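Here are a few friendly notes to read alongside the structure. Please keep the viewer open as you go through the numbered points.

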Amino acid sequence: QVQLVESGGGLVQAGGSLRLSCVGSGSRFSINTMGWYRQAPGNERELVSTISSGGTTNYADSVKGRFTISMDNAKNTVYLQMNSLKPEDTAVYYCNLDYYNYIRARIRSWGQGTQVTVSS
């Protein structure tokens with residue numbers, strides 16, 4: 001089982017920036033995609049952005065042009081640079097890893113979540 005550890009959340013004023021990081025650790029796994037989802041109080045968890053091991057990215061319309069996802073394959077780490085933050089970006093952000101284990105079974109893992117709060 002791969003473990004995910006997130007960092008970088010916090011409190012920021014509207015217009016500010018934050019950078020989230022997520023490191024995957026475990027033995028013998030092959031990344032398919034890594035990404036970020038978020039969940040605000042009373043809302044369902046929603047996609048923010050994903051990136052494949054080949055570098056293909058995907059963004060929710062609400063964050064296009066403001067957020068940038070990147071991945072360091074060698075370090076099994078995904079980053080989310082969040083600029084021009086808005087109060088509506090306030091949520092718990094969860095890291096997600098879609099991977100193949102040593103017997104080529106496809107598995108999805110989630111991090112514990114990190115709080116991002118944007119004040120107006």
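1. A definition to begin with: a residue is called buried when its relative accessible area is under 20%, exposed when it is over 50%, and partly exposed in between. Please also bear in mind that this is a predicted model.

2. Let us start with the sheet. Four strands make up an open sheet, and their order is β1-β3-β8-β7 with antiparallel pairing. At the edges are β1 (3-7) and β7 (67-72), each of which pairs on one side only. From one strand to the next, the twist averages 15°.

3. Strand β8 (residues 77-82) runs antiparallel to β7, and six bridges join the two.

4. Now to the aromatic rings. How many aromatic pairs are there? The count comes to two. Phe29 and Tyr99 form an edge-to-face pair, with 5.6 Å from centre to centre and 75° between the planes. This pair links distant parts of the chain: Phe29 is in the loop between β3 (18-25) and β4 (30-39), while Tyr99 belongs to strand β9 (residues 91-100), 70 residues apart.

5. Are Phe29 and Tyr99 buried or exposed? Phe29 has a relative accessibility of 16%, so it counts as buried. Tyr99 has a relative accessible area of 2%, and because the cut-off for buried is under 20%, Tyr99 is buried too.

6. The other pair is Tyr37 with Trp110: the ring centres are 5.0 Å apart and the planes stand at 70°, which is why the pair is edge-to-face, as angles over 60 degrees count that way. Here too distant parts of the chain are linked, with Tyr37 in strand β4 and Trp110 in strand β10 (residues 106-110), 73 residues apart. Tyr37 is buried at a relative accessible area of 16%, whereas Trp110, at 36% relative accessibility, counts as partly exposed.

7. Finally, have a look at the charges over rings. Arg104 lies over the face of Tyr100, at 4.4 Å from the ring centre.

Technical notes. Residues are numbered from 1 along each chain as its sequence is written. This is a predicted model: local features need pLDDT of at least 70, side-chain atom pairs count only at pLDDT 80 or more; totals for chains, interfaces and linings use all residues. Side-chain values use heavy atoms; hydrogens and water are left out. Two strands pair if DSSP finds at least two bridges between them. Axes are lines fitted to C-alpha atoms, for helices over the stretch in contact, and angles run from 0 to 180 degrees between N-to-C directions. Rings of Phe, Tyr and Trp (its six-membered ring) pair if their centres lie within 6.5 Å; planes under 30 degrees apart count as stacked, over 60 as edge-to-face and the rest as tilted. Buried means under 20% relative accessible area, exposed over 50%, partly exposed in between (1.4 Å probe, protein chains only). A charge sits over a ring if NZ of Lys or CZ of Arg is within 6 Å of the ring centre and within 35 degrees of the ring normal.
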